[in-house]
Each structure stands twice: as C-alpha cells, then as structure tokens.
Amino acid sequence: MIKELMKRNITKAEREITEKRETVQNTKMRQKYHFMAETGWINDPNGLIYYKGRYHFFYQYNPYEGFWGQMHWGHAVSDDLLHWEYLPVALAPSEVYDDHPRGGCFSGSAIEHDGRLYLLYTGTANNGNGFVQTQCLAYSEDGIHFEKHQGNPVIGNPPEGFSKENFRDPKVWRHENKFYMVCGGQKDNLAAALLYTSEDLITWEFVNVLAESRGEWGYMWECPDFYPIGDKYVLMFSPMGVHDRTAVYLIGDMNYETGKFIYTASGEIDWGFDYYAPQSFLDSTGRRLAVGWANAWDWMPWWKDWGPTYRDGWCGWFNIPREIILAEDKTLQFKPIKELDQLRADELTVETCEVRNEPMKIPVSDGNIYEMQIWIDLKSTTAEVFSLILRSDGKKQTVVQFDLKNQMLGVDRNNADDWSKGTTRSPLTLANEDQMHIHIYSDQNSIELFTDDYRTIHSCNVFADKNQNQNYIAADNGILKVEKIQSWKMDI
Ligand code: FRU
C-alpha cells in the first residue's frame with residue numbers, strides 16, 4: 001500500500017503530465033529516437049534494470065517545468081530499448097527525509113530480490129540543519145507502484161568525517177550472497193566512493209573507501225557505478241571539479257576482503273559536453289549497457305545553459321545506450337547498441353573516392369535524423385587534416401576536425417545554431433594505422449560521434465534548424481581517400 005502523501009503527490013504529478021502531454025509532444029524540437037520524458041525536465045538515468053522480461057528506465061524528473069526542481073523518479077518500460085511505454089511516476093518527494101524543495105528523491109539504482117523490485121535512492125532534505133543527504137529504500141511487487149520503506153533512511157549518516165551534503169547516488173549490486181552499494185562521498189573537500197554491504201537491503205554496514213581522489217579526480221563523484229567486466233572491475237563516475245571532464249572510468253582489481261579497488265588505468269567515457277551521470281546495467285543476455293544524460297550542469301566551467309527546449313515545456317534526453325566492452329588492451333569500448341540498426345531506412349552508399357579542399361556532400365536521405373559510418377584509407381591519404389561539416393545550411397554548421405598530423409579531434413559547435421557554443425577536443429588514438437572508422441548518430445538536437453574503435457567519443461547537443469540538413473566531408477591540403485560512406489535515415 002502506497003503511503004497517502006506520496007500517492008497524492010504522484011497523482012498531482014500525473015495530472016500535470018496529462019494536461020501537458022499533447023502540447024509538448026507536438027513541439028518541433030522533440031528528439032526522434034532518443035529517450036525523453038513525456039513532458040518537463042529529465043536528468044540522470046536511475047534504476048536501469050532488466051526486470052521480469054522488460055527494460056525499466058527510471059529518471060530524475062521534474063514534471064512541472066522544463067527546468068530542474070524538486071526531484072521525482074519518472075518511469076518507462078520497453079521491450080527493445082527503442083520504443084517506450086510511460087508508467088506512472090515511481091517516486092515523489094513526500095517524507096521528511098526527501099522533501100526539500102530544491103532536493104527530493106535524488107539519483108539511485110534498482111535491484112531485484114525475491115521477485116520484488118527494490119529502488120535505492122538519495123533522500124535530500126533540509127530540516128534546519130543544512131542540506132542533508134541520506135540513502136533510502138523503496139520497493140514494488142508489480143514493478144509499477146512503489147512504497148517507501150518504513151524505516152527510511154536505511155543509511156542516515158555517512159562515515160565519520162564525511163560530508164552530509166555530498167553523500168549521494170547509491171548504486172547497488174549483488175556479489176556472491178551479499179548486496180553491495182557504492183555511494184558518492186566527500187571528505188576534506190575531496191571525492192570518494194564509499195562501499196557498503198548488506199544481507200537484506202535494509203541494514204547496511206560501511207566496508208571501506210573503495211577509491212578516492214587526492215585532488216586529481218575532483219571534490220565529489222556523482223553517480224558512481226561499479227561492476228565486473230571480464231577479469232577486471234570498473235568504477236565509473238562523473239567528477240565535480242576536474243574542468244571539462246564529464247564522465248570517466250577507472251579500471252583495475254577489486255579485493256572484497258578489504259573493500260578496496262586498486263585501479264591501474266583510467267579513461268574518458270565521453271569527451272563531449274553532453275554526456276553525464278552514466279549508469280550501467282546487465283540485460284538478459286549478459287551485455288553490460290550504459291546510458292548517460294545528454295546535458296551538463298551549471299557548475300561546469302564551460303556551461304552556457306540547457307538549451308532552448310524549456311520554452312516548449314521540456315528539457316533533456318538520454319544519450320543512445322552503449323554496450324560496454326573490455327578490449328584486449330584492457331581499455332573500454334562503448335558501442336551503440338545493435339538494436340539501433342532496426343531503425344535504419346533508405347541506405348545510401350558512397351564507394352571509394354578522393355576528397356580534396358572542395359567539400360563533398362555526403363548523401364543522406366534525412367540530413368537531420370540519421371546514422372552515418374565513414375571508413376578512411378589512411379595509407380593513401382596525404383591530407384594532414386580533414387573535416388566533417390555537419391548539420392549545415394551553408395551558414396550555420398557543426399565542424400568536426402580530424403587532425404591526423406597532431407592526432408587531435410575537435411568538435412566545434414560555436415556556429416552550430418543560435419544557441420550552443422564551445423569546442424570539445426580530444427586526442428585521436430589512431431589505433432589502426434591503415435584505416436579510420438567514424439560512426440555518427442544525429443538526431444533533432446544532438447550529434448554523437450564515435451571513432452578510435454569506439455574509444456574516443458564526443459556527444460554534443462546542437463539545436464539546429466530543420467533546414468540545416470546538409471553534411472559534407474573536406475580535406476585540407478592534400479587528398480583524403482574515402483573507402484566507403486554509408487548513411488541511413490533513422491525511422492522510428
Ligand atoms: C547528477 C546529480 C546527482 C543527483 C541528481 C539530482 O547529475 O547531481 O548527483 O543525485 O543529479 O537531480
């Protein structure tokens with residue numbers, strides 16, 4: 001039985017969604033194949049799980065306007081990760097531990113136990129003692145209606161010396177016969193991942209600081225996620241206070257005896273401006289998938305705003321889901337899920353050709369909503385730099401520059417639209433000396449670009465007009481040898 005106040009708050013939120021649904025859905029800037037909320041504001045993916053035969057996505061949600069506000073958990077289900085059915089809001093702020101007007105039910109995760117679906121989330125409150133974050137539990141018998149645990153919070157205080165204001169985003173998993181949870185924490189203004197264990201999801205015991213920053217990884221880790229992959233363990237998080245880093249991973253070995261994770265390498269999950277708080281989950285076939293929020297926060301040094309869609313009563317979407325793969329060299333690859341191939345329509349192909357200074361138009365049946373793959377023959381290419389000019393109307397455009405000589409990649413969206421600004425830059429590994437493969441997903445307001453065998457990724461939002469539908473490739477001083485280009489319109 002759902003407690004009265006939460007039930008009332010969910011009903012209120014649902015009424016708001018129903019009132020606005022049709023208007024919002026008919027607005028011009030809605031994404032076509034990215035996951036969005038029906039109306040209102042969305043940020044982090046929460047509680048991603050394959051439960052009783054369907055994918056469940058929950059999300060940080062403000063149903064009342066296209067801006068962040070008091071956080072609810074939105075909820076949707078899918079059979080294929082492409083088509084979604086929205087379910088009632090799963091969690092609404094209602095209790096003294098999660099009802100702060102600038103707080104609410106913050107991020108967390110889901111786990112199945114004895115057939116029930118459990119959610120662990122951060123309650124954010126302020127009862128006169130400053131901002132307080134605690135870890136709370138909710139559960140459901142049917143996977144739709146949730147009840148908050150009577151004894152919440154299940155973790156009321158961080159370990160001695162850790163900040164109460166920066167104690168959030170529990171990610172839960174099972175290892176052998178116990179539950180474990182990692183939570184973002186902070187001590188002496190430095191970030192930490194805190195490891196807890198439990199036998200019943202209710203009583204939690206602090207184990208150890210799983211890993212921590214000495215400054216190089218910032219002052220707080222939002223949405224930490226920890227999982228085994230092959231013979232390694234991975235800790236992913238979104239660090240606060242490391243300039244333009246938005247999502248990173250550490251890879252190494254886990255010692256469950258001590259609760260310590262020793263990492264030996266690190267990597268950037270995405271170099272773009274618009275990939276944050278990714279959460280991973282396992283599907284029924286054992287794939288580990290990650291989903292991120294395609295936007296950024298106002299505390300980031302380069303941040304401008306969240307884009308213009310708030311005018312239409314909504315804001316935010318998830319990046320396309322990616323499968324996480326451990327490569328032989330023990331780095332991670334993030335590959336767009338193969339389900340997306342089902343959306344391909346109107347395939348167009350360009351076979352071997354040479355491109356010079358004069359931009360060559362890339363044929364795409366829908367120049368806005370598309371997938372594109374490009375293969376470059378590096379051996380016979382003499383140009384030191386080449387560019388992709390995307391979502392262009394001849395004046396406005398997003399320019400992706402591949403600097404082969406200096407091994408650099410840049411995505412320049414300063415002239416992408418009337419809205420965005422900034423350039424994202426990353427090294428290019430050029431792992432394969434003979435050939436370069438580039439994979440692009442473009443939707444109404446976004447470009448996601450993958451290269452270096454899915455190790456170098458830039459996700460950037462661009463709020464380009466419908467008539468910005470031309471896409472080109474051009475070389476600088478020399479010949480660019482294109483082996484093949486394939487494009488598809490994405491049809492959902
Ligand atoms: C990350 C985050 C989380 C928090 C949530 C609030 O984007 O700041 O740390 O739980 O968003 O909406």
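The shell around the ligand in this predicted model comprises five nonpolar, three polar and four charged residues. Its members are Asn-43, Asp-44, Gln-60, Trp-68, Met-71, Phe-106, Ser-107, Arg-168, Asp-169, Glu-222, Tyr-276 and Trp-297. Under the grouping used here, Trp and Tyr count as nonpolar, so Trp-68, Tyr-276 and Trp-297 of the shell fall into that class.

A polar side-chain atom of Trp-297 is placed 2.7 Å from an oxygen atom of the ligand, and one of Trp-68 is placed 3.0 Å from a ligand oxygen. Asn-43 likewise directs attention to the ligand's oxygen atoms, with a polar side-chain atom at 3.1 Å from one of them. The ligand on its own would expose 320 Å², of which the protein buries 96%. Two or more shell residues are contributed by each of strand E1 (40-51), strand E5 (104-113) and strand E9 (168-175).

The description now turns to the chain as a whole. The protein chain is divided into domain 1, spanning 2-335, and domain 2, spanning 344-490. The centres of these domains, taken over C-alpha atoms, are 32 Å apart. Across their boundary, 38 residues of domain 1 make contact with 31 residues of domain 2.

The size of an interface is often expressed as the accessible area lost when the parts come together. For domain 1 and domain 2 this buried area is about 2700 Å², with 54% of it on carbon and sulfur atoms. On the domain 1 side, Tyr-33, Trp-271 and Phe-273 lose the most area to domain 2, together accounting for 26% of what that side buries.

Terms used:
Residues are numbered from 1 along each chain as its sequence is written. This is a predicted model: local features need pLDDT of at least 70, side-chain atom pairs count only at pLDDT 80 or more; totals for chains, interfaces and linings use all residues. Side-chain values use heavy atoms; hydrogens and water are left out. A residue is near a molecule or strand if one of its heavy atoms lies within 4 Å of it. A polar contact is a pair of N or O atoms within 3.5 Å; within protein, one must be able to donate a hydrogen and the other to accept it, and residues adjacent in sequence count only if both atoms are side-chain atoms. Accessible areas come from the Shrake-Rupley method with a 1.4 Å probe; for residues, only the protein chains shown count as cover. Helices (H or I, at least four residues) and strands (E, at least two) are DSSP runs, numbered from the N terminus. Domain bounds come from an automatic or database domain assignment. Contact means heavy atoms within 4.5 Å. Buried area is the accessible area (1.4 Å probe) that two parts lose on being put together, summed over both.
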